[in-house]
Amino acid sequence: MAAALRVLRTAVIAIAASLSLVGAAPSLASASTPLQFGAFTPSDPYGGNTNGTDALQAQIVRHVDIVNWYQNWGGGDWISSVQPQLLSAVAGSGRTPLLTWEPWAPGAGANQPRYALAKIVQGDFDAYIRSFADALHASGQIVYLRPMHEMNGNWYPWAGTVNGNTPARFVEAWRRMHDIFVQRGATNVRWVWSPNNVDVPGTAANKMEAYYPGAAYVDVLAVDGYNWGSTAPQNGGWQSFSQVFSGAYSRLTSLGSQPIWIAEVGSAPEGGDKAAWVRDMFAKAKTMGRLKAIVWFNENKERDWRAAPNATVAAAFRPDAGTTAAPGVGTTTRPMLRLHAARRTKAGRRATVRWTATRAATVKTWVTMLDGKRVRAVSASRTPVLRTRIARAGKHRWTVVGRDGAGHKVVSATKRFRAYRA
(Lines give C-alpha, C1' and ligand atoms only; values in the text may rest on other atoms or scores of the structure.)
Protein backbone atom coordinates (compact mmCIF):
# COMPACT_ATOMS: atom_id res chain seq x y z
CA MET A 1 0.00 0.00 0.00
CA ALA A 2 2.75 2.45 0.92
CA ALA A 3 4.60 1.72 -2.33
CA ALA A 4 1.43 2.35 -4.32
CA LEU A 5 0.87 5.63 -2.54
CA ARG A 6 4.42 6.72 -3.31
CA VAL A 7 3.75 6.11 -7.01
CA LEU A 8 0.45 7.96 -6.70
CA ARG A 9 2.16 10.91 -5.04
CA THR A 10 4.71 11.14 -7.85
CA ALA A 11 1.94 11.18 -10.43
CA VAL A 12 -0.15 13.73 -8.57
CA ILE A 13 2.80 16.06 -8.08
CA ALA A 14 3.65 15.84 -11.76
CA ILE A 15 0.09 16.85 -12.61
CA ALA A 16 0.01 19.61 -10.01
CA ALA A 17 3.25 21.02 -11.31
CA SER A 18 1.62 21.57 -14.68
CA LEU A 19 -1.24 23.55 -13.16
CA SER A 20 -1.28 27.16 -12.04
CA LEU A 21 -2.10 27.61 -8.34
CA VAL A 22 -2.50 31.32 -8.92
CA GLY A 23 -4.52 32.11 -5.82
CA ALA A 24 -2.38 30.21 -3.34
CA ALA A 25 0.60 31.31 -1.31
CA PRO A 26 3.74 31.24 -3.48
CA SER A 27 5.73 28.05 -3.69
CA LEU A 28 9.26 28.46 -2.37
CA ALA A 29 10.70 25.28 -3.83
CA SER A 30 12.18 26.71 -7.00
CA ALA A 31 15.95 26.64 -7.23
CA SER A 32 15.87 30.18 -8.65
CA THR A 33 13.85 31.66 -5.78
CA PRO A 34 15.72 34.43 -3.93
CA LEU A 35 16.29 34.20 -0.19
CA GLN A 36 13.04 34.61 1.73
CA PHE A 37 12.75 35.86 5.31
CA GLY A 38 10.16 34.65 7.79
CA ALA A 39 9.35 34.86 11.47
CA PHE A 40 7.49 33.29 14.32
CA THR A 41 5.89 36.06 16.37
CA PRO A 42 3.99 34.80 19.45
CA SER A 43 0.69 36.55 18.72
CA ASP A 44 0.41 35.57 15.06
CA PRO A 45 -1.71 34.36 13.48
CA TYR A 46 -3.65 32.98 16.45
CA GLY A 47 -5.88 36.07 16.61
CA GLY A 48 -6.86 35.66 12.96
CA ASN A 49 -4.55 38.44 11.81
CA THR A 50 -0.89 39.23 11.21
CA ASN A 51 -0.68 42.37 13.30
CA GLY A 52 2.43 41.20 15.16
CA THR A 53 4.18 40.29 11.94
CA ASP A 54 3.24 43.61 10.39
CA ALA A 55 4.67 45.42 13.41
CA LEU A 56 7.88 43.40 13.27
CA GLN A 57 8.22 44.12 9.55
CA ALA A 58 7.97 47.83 10.23
CA GLN A 59 10.53 47.63 13.04
CA ILE A 60 13.21 45.76 11.10
CA VAL A 61 12.48 47.35 7.72
CA ARG A 62 12.60 43.97 6.03
CA HIS A 63 9.71 42.25 4.34
CA VAL A 64 8.47 39.15 6.21
CA ASP A 65 7.60 36.55 3.56
CA ILE A 66 6.82 33.54 5.78
CA VAL A 67 4.75 33.26 8.97
CA ASN A 68 5.55 30.28 11.20
CA TRP A 69 3.25 29.14 13.99
CA TYR A 70 2.79 26.07 16.17
CA GLN A 71 -0.14 23.71 16.67
CA ASN A 72 -0.03 20.62 18.89
CA TRP A 73 -2.08 17.45 18.77
CA GLY A 74 -3.26 17.74 22.38
CA GLY A 75 -5.11 20.55 24.10
CA GLY A 76 -8.51 20.77 22.41
CA ASP A 77 -9.86 21.59 18.96
CA TRP A 78 -8.91 25.25 19.22
CA ILE A 79 -5.22 24.30 18.88
CA SER A 80 -5.19 20.74 17.52
CA SER A 81 -7.41 21.20 14.48
CA VAL A 82 -6.89 23.29 11.37
CA GLN A 83 -8.11 26.85 11.92
CA PRO A 84 -9.11 28.25 8.49
CA GLN A 85 -8.98 31.82 9.77
CA LEU A 86 -5.29 31.45 10.56
CA LEU A 87 -4.47 30.26 7.06
CA SER A 88 -6.61 33.02 5.58
CA ALA A 89 -4.89 35.65 7.72
CA VAL A 90 -1.44 34.60 6.54
CA ALA A 91 -2.28 34.05 2.88
CA GLY A 92 -4.43 37.18 2.87
CA SER A 93 -1.42 39.22 3.92
CA GLY A 94 0.47 37.90 0.88
CA ARG A 95 2.72 35.67 3.01
CA THR A 96 3.49 31.95 3.03
CA PRO A 97 2.03 29.77 5.83
CA LEU A 98 4.52 27.55 7.71
CA LEU A 99 2.62 25.38 10.19
CA THR A 100 4.71 23.50 12.76
CA TRP A 101 2.72 20.41 13.79
CA GLU A 102 3.59 18.84 17.15
CA PRO A 103 2.28 15.48 18.46
CA TRP A 104 2.36 16.17 22.19
CA ALA A 105 0.75 17.91 25.13
CA PRO A 106 3.02 20.92 25.76
CA GLY A 107 4.53 21.16 29.21
CA ALA A 108 4.26 17.44 29.95
CA GLY A 109 7.87 16.60 29.10
CA ALA A 110 9.44 14.20 26.61
CA ASN A 111 8.00 11.03 28.15
CA GLN A 112 4.41 10.98 26.87
CA PRO A 113 3.39 7.40 25.97
CA ARG A 114 0.15 8.64 24.38
CA TYR A 115 2.24 10.31 21.67
CA ALA A 116 4.90 7.64 21.21
CA LEU A 117 5.79 7.14 17.56
CA ALA A 118 4.48 3.56 17.77
CA LYS A 119 0.99 4.98 18.30
CA ILE A 120 1.22 6.88 15.01
CA VAL A 121 2.68 3.89 13.17
CA GLN A 122 -0.03 1.49 14.32
CA GLY A 123 -2.78 3.87 13.21
CA ASP A 124 -4.10 5.26 16.50
CA PHE A 125 -4.08 8.79 15.04
CA ASP A 126 -5.17 7.99 11.50
CA ALA A 127 -8.60 9.61 11.89
CA TYR A 128 -7.06 12.79 13.28
CA ILE A 129 -4.42 12.91 10.55
CA ARG A 130 -7.09 12.44 7.89
CA SER A 131 -9.17 15.27 9.30
CA PHE A 132 -6.13 17.56 9.35
CA ALA A 133 -5.26 16.63 5.77
CA ASP A 134 -8.84 17.22 4.63
CA ALA A 135 -8.96 20.64 6.25
CA LEU A 136 -5.65 21.77 4.75
CA HIS A 137 -6.74 20.46 1.37
CA ALA A 138 -10.03 22.38 1.66
CA SER A 139 -8.15 25.62 2.28
CA GLY A 140 -7.01 25.63 -1.35
CA GLN A 141 -3.75 27.27 -0.31
CA ILE A 142 -0.15 26.14 -0.47
CA VAL A 143 0.79 25.29 3.12
CA TYR A 144 4.27 24.34 4.31
CA LEU A 145 3.79 21.73 7.04
CA ARG A 146 6.63 21.05 9.51
CA PRO A 147 5.75 17.98 11.60
CA MET A 148 7.85 16.61 14.46
CA HIS A 149 10.79 19.03 14.21
CA GLU A 150 14.12 18.64 16.06
CA MET A 151 13.59 14.89 16.20
CA ASN A 152 17.33 14.29 16.71
CA GLY A 153 17.17 16.08 20.06
CA ASN A 154 15.86 14.56 23.29
CA TRP A 155 13.29 17.15 24.44
CA TYR A 156 10.16 16.18 22.49
CA PRO A 157 8.03 12.99 22.75
CA TRP A 158 8.65 12.21 19.06
CA ALA A 159 12.44 12.26 19.42
CA GLY A 160 14.16 9.02 18.54
CA THR A 161 15.93 8.45 21.87
CA VAL A 162 12.99 9.01 24.27
CA ASN A 163 9.46 7.73 24.88
CA GLY A 164 10.27 4.25 23.53
CA ASN A 165 11.07 5.65 20.08
CA THR A 166 13.77 4.95 17.51
CA PRO A 167 14.86 6.85 14.40
CA ALA A 168 13.48 4.02 12.26
CA ARG A 169 10.11 4.37 13.95
CA PHE A 170 10.19 8.11 13.24
CA VAL A 171 10.65 7.37 9.52
CA GLU A 172 7.69 4.98 9.63
CA ALA A 173 5.50 7.54 11.38
CA TRP A 174 6.44 10.32 8.94
CA ARG A 175 5.76 8.14 5.92
CA ARG A 176 2.40 7.02 7.28
CA MET A 177 1.32 10.62 7.87
CA HIS A 178 2.54 11.66 4.45
CA ASP A 179 0.81 8.76 2.70
CA ILE A 180 -2.49 9.64 4.37
CA PHE A 181 -2.20 13.21 3.07
CA VAL A 182 -1.54 11.95 -0.45
CA GLN A 183 -4.44 9.51 -0.18
CA ARG A 184 -6.71 12.39 0.83
CA GLY A 185 -5.58 14.50 -2.12
CA ALA A 186 -3.83 17.14 0.01
CA THR A 187 -1.16 17.84 -2.59
CA ASN A 188 -1.22 21.54 -1.73
CA VAL A 189 0.79 20.64 1.40
CA ARG A 190 4.59 20.90 1.24
CA TRP A 191 6.48 18.74 3.74
CA VAL A 192 9.28 20.40 5.71
CA TRP A 193 11.72 18.02 7.46
CA SER A 194 13.53 19.96 10.17
CA PRO A 195 16.15 18.37 12.48
CA ASN A 196 18.21 20.22 15.07
CA ASN A 197 21.58 21.56 13.95
CA VAL A 198 23.38 19.17 16.34
CA ASP A 199 22.47 15.63 17.37
CA VAL A 200 21.55 15.33 21.06
CA PRO A 201 22.82 12.87 22.17
CA GLY A 202 25.63 12.87 19.64
CA THR A 203 25.72 9.12 19.07
CA ALA A 204 26.07 7.34 15.76
CA ALA A 205 22.55 5.92 16.12
CA ASN A 206 21.06 9.41 16.66
CA LYS A 207 22.48 11.20 13.63
CA MET A 208 19.96 13.37 11.79
CA GLU A 209 20.51 11.29 8.67
CA ALA A 210 18.90 8.29 10.41
CA TYR A 211 15.60 10.20 10.56
CA TYR A 212 15.43 11.11 6.88
CA PRO A 213 12.33 9.52 5.27
CA GLY A 214 13.56 9.96 1.69
CA ALA A 215 13.18 12.44 -1.15
CA ALA A 216 9.69 11.18 -2.07
CA TYR A 217 8.47 12.30 1.35
CA VAL A 218 10.27 15.64 1.83
CA ASP A 219 9.77 18.87 -0.13
CA VAL A 220 12.06 21.09 1.97
CA LEU A 221 15.19 20.16 3.93
CA ALA A 222 15.31 22.43 6.96
CA VAL A 223 17.29 22.88 10.17
CA ASP A 224 16.86 24.66 13.50
CA GLY A 225 19.75 26.29 15.35
CA TYR A 226 20.47 29.01 17.90
CA ASN A 227 23.38 31.03 19.20
CA TRP A 228 22.72 30.49 22.92
CA GLY A 229 25.26 33.03 24.14
CA SER A 230 27.86 32.94 26.87
CA THR A 231 25.39 32.18 29.66
CA ALA A 232 24.62 28.76 28.16
CA PRO A 233 27.99 26.99 27.76
CA GLN A 234 26.17 23.65 27.86
CA ASN A 235 24.60 24.62 24.52
CA GLY A 236 27.83 25.76 22.91
CA GLY A 237 28.10 29.25 24.37
CA TRP A 238 28.48 32.20 22.02
CA GLN A 239 28.79 30.86 18.46
CA SER A 240 28.92 32.56 15.09
CA PHE A 241 26.29 31.87 12.45
CA SER A 242 28.77 29.63 10.63
CA GLN A 243 29.53 27.66 13.78
CA VAL A 244 25.82 27.06 14.31
CA PHE A 245 24.88 26.13 10.76
CA SER A 246 27.78 25.29 8.45
CA GLY A 247 28.05 21.65 9.52
CA ALA A 248 24.30 21.02 9.39
CA TYR A 249 23.98 22.78 6.03
CA SER A 250 26.66 20.54 4.55
CA ARG A 251 24.91 17.44 5.87
CA LEU A 252 21.58 18.53 4.43
CA THR A 253 23.06 19.13 0.98
CA SER A 254 24.23 15.51 1.02
CA LEU A 255 20.75 14.17 1.73
CA GLY A 256 18.84 15.44 -1.28
CA SER A 257 18.40 18.11 -3.92
CA GLN A 258 15.47 19.89 -2.26
CA PRO A 259 15.69 23.57 -1.25
CA ILE A 260 17.11 24.19 2.22
CA TRP A 261 15.55 26.40 4.88
CA ILE A 262 16.63 27.54 8.30
CA ALA A 263 13.24 26.99 9.97
CA GLU A 264 14.19 28.38 13.38
CA VAL A 265 17.06 30.71 14.25
CA GLY A 266 17.81 33.23 16.95
CA SER A 267 20.72 34.78 18.78
CA ALA A 268 21.05 35.57 22.47
CA PRO A 269 22.54 38.95 23.37
CA GLU A 270 24.93 37.66 26.05
CA GLY A 271 28.58 37.26 25.10
CA GLY A 272 28.85 39.20 21.86
CA ASP A 273 27.38 41.71 19.44
CA LYS A 274 23.92 40.48 18.43
CA ALA A 275 23.52 43.09 15.70
CA ALA A 276 26.84 42.04 14.14
CA TRP A 277 25.72 38.41 14.39
CA VAL A 278 22.58 39.22 12.39
CA ARG A 279 24.51 41.10 9.71
CA ASP A 280 26.92 38.18 9.43
CA MET A 281 23.94 35.80 9.08
CA PHE A 282 22.69 37.55 5.98
CA ALA A 283 26.20 37.88 4.56
CA LYS A 284 26.92 34.17 5.01
CA ALA A 285 23.50 33.22 3.65
CA LYS A 286 24.49 34.73 0.30
CA THR A 287 27.27 32.15 0.03
CA MET A 288 24.92 29.20 0.70
CA GLY A 289 23.50 28.50 -2.73
CA ARG A 290 20.86 26.01 -1.62
CA LEU A 291 19.55 28.16 1.24
CA LYS A 292 16.17 29.60 0.23
CA ALA A 293 14.63 30.84 3.49
CA ILE A 294 15.55 32.01 6.99
CA VAL A 295 12.79 32.01 9.62
CA TRP A 296 13.58 33.97 12.78
CA PHE A 297 12.23 32.89 16.20
CA ASN A 298 10.99 36.26 17.43
CA GLU A 299 10.25 35.63 21.11
CA ASN A 300 11.76 36.46 24.49
CA LYS A 301 11.71 32.89 25.77
CA GLU A 302 14.74 30.89 27.01
CA ARG A 303 16.79 33.87 25.86
CA ASP A 304 15.82 37.17 24.32
CA TRP A 305 15.70 35.93 20.74
CA ARG A 306 13.69 38.91 19.51
CA ALA A 307 14.65 40.54 16.23
CA ALA A 308 13.99 44.04 17.53
CA PRO A 309 14.81 44.24 21.26
CA ASN A 310 16.38 47.63 20.50
CA ALA A 311 17.00 49.90 17.54
CA THR A 312 20.57 48.67 16.97
CA VAL A 313 19.58 45.02 16.55
CA ALA A 314 16.51 45.93 14.50
CA ALA A 315 18.65 47.95 12.09
CA ALA A 316 20.85 44.89 11.46
CA PHE A 317 17.94 43.23 9.66
CA ARG A 318 17.69 46.00 7.05
CA PRO A 319 18.34 44.56 3.62
CA ASP A 320 21.07 45.80 1.31
CA ALA A 321 20.02 48.04 -1.57
CA GLY A 322 18.11 46.05 -4.14
CA THR A 323 16.92 43.24 -1.86
CA THR A 324 13.53 42.67 -0.31
CA ALA A 325 12.41 45.39 2.07
CA ALA A 326 9.22 46.29 3.83
CA PRO A 327 6.89 48.17 1.48
CA GLY A 328 7.46 51.89 1.56
CA VAL A 329 10.65 51.90 3.60
CA GLY A 330 14.29 51.03 3.34
CA THR A 331 15.22 50.85 -0.29
CA THR A 332 14.24 52.61 -3.49
CA THR A 333 14.24 49.51 -5.68
CA ARG A 334 11.27 47.56 -4.34
CA PRO A 335 7.99 48.09 -6.21
CA MET A 336 5.44 50.12 -4.26
CA LEU A 337 1.78 49.11 -4.32
CA ARG A 338 -1.22 51.07 -3.08
CA LEU A 339 -4.85 49.93 -3.05
CA HIS A 340 -7.73 52.36 -3.58
CA ALA A 341 -11.17 51.30 -2.32
CA ALA A 342 -14.07 52.69 -0.34
CA ARG A 343 -13.90 52.09 3.40
CA ARG A 344 -17.61 51.19 3.45
CA THR A 345 -19.88 49.53 0.94
CA LYS A 346 -23.35 47.97 0.91
CA ALA A 347 -23.69 44.22 1.29
CA GLY A 348 -25.21 42.53 -1.74
CA ARG A 349 -23.71 45.01 -4.17
CA ARG A 350 -20.50 45.02 -6.14
CA ALA A 351 -17.48 46.69 -4.59
CA THR A 352 -14.45 47.98 -6.45
CA VAL A 353 -10.76 48.03 -5.65
CA ARG A 354 -8.13 49.67 -7.84
CA TRP A 355 -4.39 49.71 -7.38
CA THR A 356 -1.40 51.69 -8.48
CA ALA A 357 2.21 50.54 -8.49
CA THR A 358 5.54 52.20 -9.10
CA ARG A 359 8.70 50.46 -10.31
CA ALA A 360 6.68 47.29 -10.93
CA ALA A 361 8.06 46.36 -14.34
CA THR A 362 8.77 42.80 -13.17
CA VAL A 363 5.10 42.15 -12.30
CA LYS A 364 3.43 39.98 -14.92
CA THR A 365 0.26 38.99 -13.07
CA TRP A 366 -1.84 40.62 -10.36
CA VAL A 367 -3.54 38.08 -8.10
CA THR A 368 -6.60 39.53 -6.38
CA MET A 369 -8.10 38.11 -3.19
CA LEU A 370 -11.06 38.84 -0.97
CA ASP A 371 -10.71 37.72 2.66
CA GLY A 372 -7.80 35.48 1.70
CA LYS A 373 -9.62 33.67 -1.12
CA ARG A 374 -8.60 34.17 -4.72
CA VAL A 375 -11.08 36.09 -6.85
CA ARG A 376 -9.15 36.21 -10.11
CA ALA A 377 -5.79 36.87 -11.73
CA VAL A 378 -5.32 39.98 -13.85
CA SER A 379 -2.59 40.41 -16.44
CA ALA A 380 -0.31 43.34 -15.68
CA SER A 381 -1.08 44.64 -19.16
CA ARG A 382 -4.75 45.16 -18.26
CA THR A 383 -6.42 47.90 -16.21
CA PRO A 384 -5.63 47.26 -12.51
CA VAL A 385 -9.16 47.07 -11.18
CA LEU A 386 -11.38 44.42 -9.60
CA ARG A 387 -15.13 44.46 -9.05
CA THR A 388 -16.92 41.73 -7.14
CA ARG A 389 -20.17 41.27 -5.25
CA ILE A 390 -19.93 41.43 -1.45
CA ALA A 391 -22.28 38.76 -0.17
CA ARG A 392 -22.38 39.48 3.55
CA ALA A 393 -22.17 42.40 5.94
CA GLY A 394 -19.18 42.77 8.24
CA LYS A 395 -15.44 43.31 8.00
CA HIS A 396 -13.64 42.35 4.79
CA ARG A 397 -10.15 42.57 3.33
CA TRP A 398 -8.87 43.15 -0.18
CA THR A 399 -5.43 41.75 -1.02
CA VAL A 400 -3.50 42.23 -4.25
CA VAL A 401 -0.27 40.34 -4.94
CA GLY A 402 2.00 41.10 -7.89
CA ARG A 403 3.91 38.10 -9.26
CA ASP A 404 6.67 37.89 -11.82
CA GLY A 405 6.85 35.56 -14.81
CA ALA A 406 8.07 32.67 -12.62
CA GLY A 407 5.17 33.07 -10.20
CA HIS A 408 7.24 34.61 -7.40
CA LYS A 409 5.75 37.37 -5.29
CA VAL A 410 7.19 40.79 -6.12
CA VAL A 411 4.93 43.03 -4.02
CA SER A 412 1.65 42.85 -2.10
CA ALA A 413 -0.76 45.15 -0.29
CA THR A 414 -3.92 44.79 1.80
CA LYS A 415 -6.83 47.14 2.45
CA ARG A 416 -9.68 46.56 4.88
CA PHE A 417 -13.27 47.73 4.49
CA ARG A 418 -16.71 47.14 5.99
CA ALA A 419 -19.91 46.07 4.28
CA TYR A 420 -23.15 47.26 5.87
CA ARG A 421 -26.70 46.03 5.47
CA ALA A 422 -29.18 48.06 3.50
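R251 is partly exposed, at 22% relative accessibility. Partly exposed covers the range between buried (under 20% relative accessible area) and exposed (over 50%), with a 1.4 Å probe and protein chains only. R251 forms a salt bridge with D199, and the closest N and O atoms are 2.9 Å apart. A salt bridge here is a side-chain nitrogen of Lys or Arg within 4 Å of a carboxyl oxygen of Asp or Glu. The pair links distant parts of the chain, 52 residues apart: D199 sits in the loop between strand 5 (189-193) and strand 6, R251 in helix 8 (residues 241-255). D199 counts as buried, at 14% relative accessibility.

This is a predicted model, in which local features need pLDDT of at least 70 and side-chain atom pairs count only at pLDDT 80 or more, while totals for chains, interfaces and linings use all residues. Residues are numbered from 1 along each chain as its sequence is written, and side-chain values use heavy atoms, with hydrogens and water left out.

**Salt bridges**

The whole structure holds 12 salt bridges.

| Pair | N to O distance |
|---|---|
| R146 and D224 | 2.9 Å |
| D199 and R251 | 2.9 Å |
| D371 and R392 | 3.9 Å |

R146 and D224 meet through their side chains. R146 is in strand 4 (residues 143-147) and D224 in strand 6 (residues 220-227), 78 residues apart. Helices (H or I, at least four residues) and strands (E, at least two) are DSSP runs, numbered from the N terminus. R146 is buried, with a relative accessible area of 0%. D224 is buried too, with a relative accessible area of 0%. A network of salt bridges links R146, D224 and E264.

The side chains of D371 and R392 also pair. D371 lies in the loop between strand 12 (365-370) and strand 13, and R392 in the loop between strand 14 (385-389) and strand 15 (394-403), so the pair ties together parts 21 residues apart in sequence. R392 is partly exposed, at 45% relative accessibility.

**Helix 7**

Helix 7 (residues 167-183) has 17 residues, which should span 24 Å at 1.5 Å a residue; its end C-alpha atoms are 24 Å apart, which agrees. The expected span is 1.5 Å times one less than the number of residues. Buried residues of helix 7 include F170, W174, M177 and F181. G185 follows helix 7 and has a positive phi, near 80 degrees.
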